[in-house]
Each structure stands twice: as C-alpha cells, then as structure tokens.
Amino acid sequence: MQTGLVLENYVTRFLSGLRDRGNIEEMFDLLPDIYFYIKDSNCRWVMCNTACLRLLNFRNQAEVYGATDGDFYPPRIAEMIYQDDRDVIDNNRRIINRTELIVDETGHLIWVSTNKLPLTGVEGNVAGLMGTTRVLSRSEQLPDEYQQFRDVIDHIQDHVADRIDVRELAQIACLSDSHFRKRFRAQFRLSPQEFVLRTRLQAASKMLISTDEPIVTIALACGFNDQSYFTRQFSRFFEQSPKRYRATWGQK
C-alpha cells in the first residue's frame, strides 16, 4: 500500500486523467446507503466513500489507497472480484444491477445490487472502473426475474441449519423438479444444491470471524453434520481451513 504525500499525488494524478470526473462526483451524492469505490486499470483501490470504509472495517482512505481486493478478502473471493473487474476494464463492459446474495456484518443473508462501470481516460482508453453496491433492504425490492424464487430463498435462510430438499424447494416455487432446477441455474448460475452449499459456507465464514464458537458448533449451526466434510468444503471454497481463516480474518 502507499502512504503519505504519495497517496495524495497518486489520487490527484489519477482523477486528473479522467474525463468522467463529473460522473464521479455525482456518484458520491448517492449516499449514505450505497458502497461506492474507484479502482485503477490494475484493479487497485483509488478511493471509496465512508460507507465502504465501514464495510471494510477501516477508518480512513489511506488504508485503502493502492490496495487490491486480496488485501481485504480471502483468495477465492478476491479472485472472483478480480475477474469481474478485469472483464469491465479489458472489455469496456458494464455490470448493471447484478443481484447477489451475501452475508452482512451480523451474519444474516442479505440481497445486494452491484454495478460496475468503466472509467474512460482523456485519451479514450479505459483507465479503471467505479462501482456501487446497494443493500436491498426488503425481499420485495428484488428484480422481477428473482421474485419467483423469493419464497425459496426465504426458506433457505430460515432453515440453513436443517436438511434442505431440492424437491421441497421446487414445490415452494410451484414448479416441477426438472423445471425448477433448470430455471434456478439459469437465474443464479448455480444449481440449487450449489446455492445451498455456498449459502452455508458464507454463513459459516461470518460466524468464524464474528464469534468464538467452536468450529464443530459452527458447522452444525450451518447445516453440516460432519465436521470433516465441512472442513473439506470450506477449504475448497475459501482456499483456507476454517481454523486458518479465523486466524487470518478474525481480527479484521
């Protein structure tokens, strides 16, 4: 990361090379319930708003200048963010209103809407990106294409510690088993089983860093009856064991 006067000069040079400066200032007006950030062409953080600082558990801009997502997140999550960022920058592509399920600071599953737009430099090249993440406070705020699965997601959230049968989820959605699986995968880019597993792993990751509960207790609370299976799945997704993950990220 960069420090001192270098930081100020870095940000000044970066912003002065953009012809979208007015759009950036307008974005900052969309506060306070929106996480806003800017990254350069190397996917390094340039600046972010106060709400985003709170999300990352930092106090000031100096802690994020020049950082990458690998400084904030576990490797698997950082890599997924990086791939999205590279697509925006390398292909001048926009990500608009992508609805995603994440875990908030209290360990609850929440829906968010993500946007990423390329930033064009004065010479017409893509100089970086700016992005926003907005919490959808009510399930009714989900886009229309997700509404058919709202009750399914509510059921998964309410029964994360229990056995979840895909056939039961299909019944909740009023679809046949085959149609449910097909439509669910098309909408979420995951099978229902993969979605349930990822939901459980995300909930477990939050419990690991926000509580002192034993790992076996967390595994049971998130629907894993076998701690060995939980450890294997967690390590595969986060590229760290639950114990290492807690040691690495528990102080953030």
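Trainee: What counts as contact here?
Mentor: Contact means heavy atoms within 4.5 Å. This is a predicted model, where local features need pLDDT of at least 70, side-chain atom pairs need 80 or more, and totals for chains, interfaces and linings use all residues. Numbering starts from 1 along each chain as its sequence is written, and side-chain values use heavy atoms, without hydrogens or water.

Trainee: OK, which residues does Leu56 touch, skipping those up to four places away in sequence?
Mentor: Trp45, Val64, Phe72 and Tyr73.

Trainee: And which residues touch the most others in the largest nonpolar core?
Mentor: Ile38, Trp45, Cys48, Cys52, Leu56, Val64 and Phe72, out of 25 residues. Such a core joins buried (under 20% relative accessible area, 1.4 Å probe, protein chains only) Ala, Val, Leu, Ile, Met, Phe, Trp, Tyr and Cys through side-chain atoms within 4.5 Å.

Trainee: Which elements give two or more residues to this core?
Mentor: Strands S1, S2, S4 and S5, plus helices H3 and H4. These are DSSP runs: H or I of at least four residues, E of at least two, numbered from the N terminus.

Trainee: What does the second core include?
Mentor: Phe149, Ile153, Ile164 and Ala173 are among its 19 residues, and it is separate.

Trainee: New topic. Where is Asp69?
Mentor: In the loop between H3 and H4.

Trainee: Buried or exposed?
Mentor: Asp69 is buried, at 6% relative accessible area. Beyond four places in sequence, its contacts are Lys39, Trp45, Ala78, Ile81 and Asp85.

Trainee: Last one. Which residues of H12 are buried?
Mentor: Pro242, Tyr245 and Trp249.

Methods:
Buried < 20%, exposed > 50% of the residue type's maximum accessible area, 1.4 Å probe, protein only.
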